[in-house]
Amino acid sequence: MSSELSTPDVESNGGTENRAYVQSQSDCRLPMASLPRTTSDLTPINRTNSVTNNSISPNLVANIYTKERQASVLDPMSDRVSTILVWQNLIVSTRGDKKNKFHLPDIKRSKGSGPTSKVLLHNLSGAITGGLWAVMGPSGSGKSTLLNTLACRLDVNTVVQGEMRLNGAQYNNAELKRLSGYVMQDDMLNGYLSVEETLMYTAELRLPREFTYKQRRERVEEVITDLGLTHVRKAIIGLRTKQGISGSERKRLCVGMQLLNRPQLLFLDEPTTGLDSVTALDLLHTLHALAHGRSQDKAVTVVCSIHQPQSKIFNLFDSLILLKNGYTIYQGPRKQAMEVFHSAGFPCPLYTNPADHLLDVITPPRAGESHLSEEQQAAIDAALVNAQTPIQIDLKMGENKRIQQMANLPSNPLWIKQIEILFRRNMREQFRKLDVLAISLLQSIIMAVLIGTVFLQIGQSQSSIIRREPVAFFCSINQGVFGALMVINSFPVERALTLRERASGTYFASAYFTAKIIADTLVQLPVPIIFSCIVYFLVGFDLVVSKFFIFVLLIILCSVASTSIALMISAICKTTDMSVTVLPMVLEVSRLFGGFFLAPAFLPKYFAWLDGISYIKYSFVGVALTELQGLRLTCEDVKMIAYNATMSIPGNCTRTGEEIIQRQGYDSLSIGGCIAILFAFIIFCRAWAFIGVRFLKN
Ligand SMILES: Nc1ncnc2c1ncn2[C@@H]1O[C@H](COP(=O)(O)OP(=O)(O)OP(=O)(O)O)[C@@H](O)[C@H]1O
Ligand SMILES: [Mg+2]
């Protein structure tokens with residue numbers, strides 16, 4: 001087709017009278033006369049005389065449609081279009097105050113009240129009516145904001161005013177989640193699972209509960225084939241630090257996860273970010289195929305925000321919404337955009353990417369020859385808006401499709417089933433992290449052997465008195481520290497992923513949390529058990545079966561308490577830096593008031609509350625009570641003790657463990673009491689962790 005293009009006399013005239021022809025394939029194919037050649041040549045044209053101020057009139061922007069000019073290349077009334085999304089007089093602004101940090105359900109979309117600091121979208125009206133849509137505009141023009149507003153995913157710090165209708169009816173987040181998919185700009189995936197596993201778990205969680213295993217598997221196979229993921233189906237996704245599948249494959253997988261339950265509407269925020277031109281084009285071909293599905297039930301309305309696509313990608317879009325500073329500059333079929341720009345006085349120059357041209361016109365370079373004043377730029381924007389014949393937005397559009405749509409709403413698996421699926425997924429992930437598990441076991445064995453050999457066979461002499469308590473204390477403070485650090489390190493990433501999955505309506509926060517607690521506890525158990533077995537026999541604690549099991553239980557509880565504290569801190573603190581600062585302080589305080597450095601009997605009254613919240617104290621006192629109760633001591637080395645230590649009065653032999661218990665004040669607690677308090681402590685920390693997971697968004 002390029003042969004049809006005669007090189008225009010653009011060079012010869014050199015001024016605003018140039019004649020230009022525009023490129024084939026793209027929309028820039030019209031011969032244009034007497035028009036400026038580049039944005040640098042532009043001066044506000046006559047049409048803009050109607051614009052009296054520097055900003056675009058909101059009324060002008062609101063009425064973009066005409067009866068003659070379709071919003072989309074597809075007829076919205078046709079059966080192929082199952083979803084029509086209409087918005088009218090949409091104003092999105094940020095709140096002035098910073099009070100509502102918590103994601104409470106009832107304030108999710110409070111309207112209009114409170115001081116506002118910045119308007120992000122200015123009185124927009126429009127409709128999405130089937131096909132592949134591009135939301136284009138310069139950086140900061142409000143593309144993501146528009147997408148998030150329509151997908152009910154805005155920050156709680158924003159206020160939405162105006163009307164939004166899905167097939168003629170108001171909609172909420174929950175309903176939209178079941179009808180639509182949303183692929184975020186940055187793909188966030190579980191790096192330990194394979195492509196196939198990720199899709200299969202998502203299918204289990206998101207497909208209606210009535211689906212059989214075979215049907216889910218078929219759906220996964222279909223998505224793998226449709227998105228060209230067959231060659232990497234068994235590949236582990238990988239982490240940033242660990243090579244996995246490629247960026248394009250990650251993006252495809254994210255799209256695939258959203259396609260599993262066949263959404264009627266698919267939002268993608270900058271799907272081509274980070275992809276090279278070939279893979280970006282590849283992905284857009286896939287999206288185009290989805291939007292023009294082979295069979296009727298596979299036609300998905302796809303809305304992508306995209307910054308500046310290459311021409312081949314641009315030509316795949318059916319319709320276009322062009323934004324600038326939160327205003328709509330153009331909305332309608334992609335092919336008509338060039339005509340509108342042409343009639344406004346901005347034809348696409350020869351060999352220019354039409355997408356580049358559109359953006360160049362609305363955002364010329366800020367410096368250099370082509371610099372335009374704000375007034376001139378506002379006049380250009382107004383000229384573009386004026387070139388489009390305004391029409392009315394009908395909020396009732398698509399009402400007839402609603403009944404069919406509601407009948408097809410999927411029902412997620414039951415809560416208990418979600419726990420089971422998430423538990424399996426969690427366990428699989430844990431087993432992929434075997435190296436971490438092995439290191440934590442090894443660390444535990446090394447510490448157990450060290451403690452066991454330092455305090456080897458302490459016996460029942462007087463010297464064992466001053467060795468029995470340190471060993472009990474060391475056993476307690478050693479527990480769960482490694483696990484706690486692991487939680488602080490890994491939980492923020494896990495939470496971000498969970499927030500994404502929950503935003504897509506994949507599962508309940510409570511189901512995720514329950515599954516996580518069960519899986520984490522099970523994986524953690526071998527560490528304190530192995531530690532206890534090694535230490536108990538090396539140190540030579542009292543060989544009574546009940547004492548041994550109580551010792552193991554106390555060590556397990558201490559270990560779980562430690563990781564529970566870390567989980568609570570990690571869930572409540574907004575950043576990893578904050579968690580990393582708070583956790584060591586809490587652990588240190590717990591150690592200080594752990595009952596060893598200062599026995600409960602000698603603790604100042606004003607520190608009693610700190611003493612009360614130190615989980616280490618209950619573990620230590622519990623272990624000490626277990627060992628000391630019923631213990632008989634010999635008096636052979638009584639003189640040596642009197643000489644070397646302060647624990648015994650010279651010549652005074654301590655004969656029973658009970659004497660030590662009384663002297664140190666351990667009798668203020670019982671073994672059962674210590675166990676109960678540790679249980680309560682774990683429940684308390686986990687309850688707060690759940691509150692953090694459920695209500696804290698960032
Ligand atoms: N929650 C918020 N609070 C304050 N300002 C916001 C908020 N969300 C968006 N903005 C501002 O609104 C404007 C539009 O942001 P948005 O992310 O929608 O732009 P965008 O067109 O998607 O840009 P990009 O191409 O860079 O992704 C920006 O100036 C941004 O700083
Ligand atoms: Mg964006």
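**Reading a helix pair and a ligand shell**

Tutor: This is a predicted model. Start with one pair: helix 5 (residues 195-206) packs with helix 7 (residues 247-259) at an angle of about 20°, and their axes lie 9 Å apart.

Student: How do I read that angle: are helix 5 and helix 7 roughly parallel or roughly antiparallel?

Tutor: Angles under 35 degrees count as roughly parallel, and those over 145 as roughly antiparallel. Helix 5 and helix 7 are therefore roughly parallel to each other.

Student: Is the crossing of helix 5 and helix 7 left-handed or right-handed?

Tutor: Right-handed, for helix 5 and helix 7. On the helix 5 side, V195, T198, L199 and T202 make the contact. Helix 7 brings L253, G256 and M257.

Student: Which classes do the residues of that contact fall into?

Tutor: Gly counts as polar here. The contact of helix 5 with helix 7 has four nonpolar residues, three polar and no charged.

Student: Now the ligand. How many residues surround ligand 1, and which are the closest?

Tutor: Ligand 1 has 16 residues around it. S139, G140, K143, S144 and T145 are the closest. By class, the shell divides into twelve polar, three charged and one nonpolar.

Student: Which element gives the largest share of the shell around ligand 1?

Tutor: Helix 3, with three residues. Both strand 2 (116-128) and helix 3 (143-150) supply at least two residues of that shell.

Student: And the whole chain: how many helices and strands?

Tutor: The protein chain has 26 helices and nine strands. Of its 698 residues, 44% count as buried. Take contacts with a separation of 6 or more: residues 24 or more positions apart account for 80% of them.

Notes. Residues are numbered from 1 along each chain as its sequence is written. Chains are lettered from A and ligands numbered from 1 in the order in which they are written. This is a predicted model: local features need pLDDT of at least 70, side-chain atom pairs count only at pLDDT 80 or more; totals for chains, interfaces and linings use all residues. Helices (H or I, at least four residues) and strands (E, at least two) are DSSP runs, numbered from the N terminus. A residue is buried if 20 or more other C-beta atoms lie within 10 Å of its own, exposed if 12 or fewer, and partly exposed in between; C-beta atoms are placed from the backbone. Two residues are in contact if their C-beta atoms, placed from the backbone, lie within 7 Å. Axes are lines fitted to C-alpha atoms, for helices over the stretch in contact, and angles run from 0 to 180 degrees between N-to-C directions. Angles under 35 degrees count as roughly parallel, over 145 as roughly antiparallel, 65 to 115 as roughly perpendicular and the rest as oblique. A crossing is left-handed if the near helix is turned anticlockwise from the far one by less than a right angle, and right-handed if clockwise. A residue is near a molecule or strand if its C-beta atom, placed from the backbone, lies within 6 Å of it.
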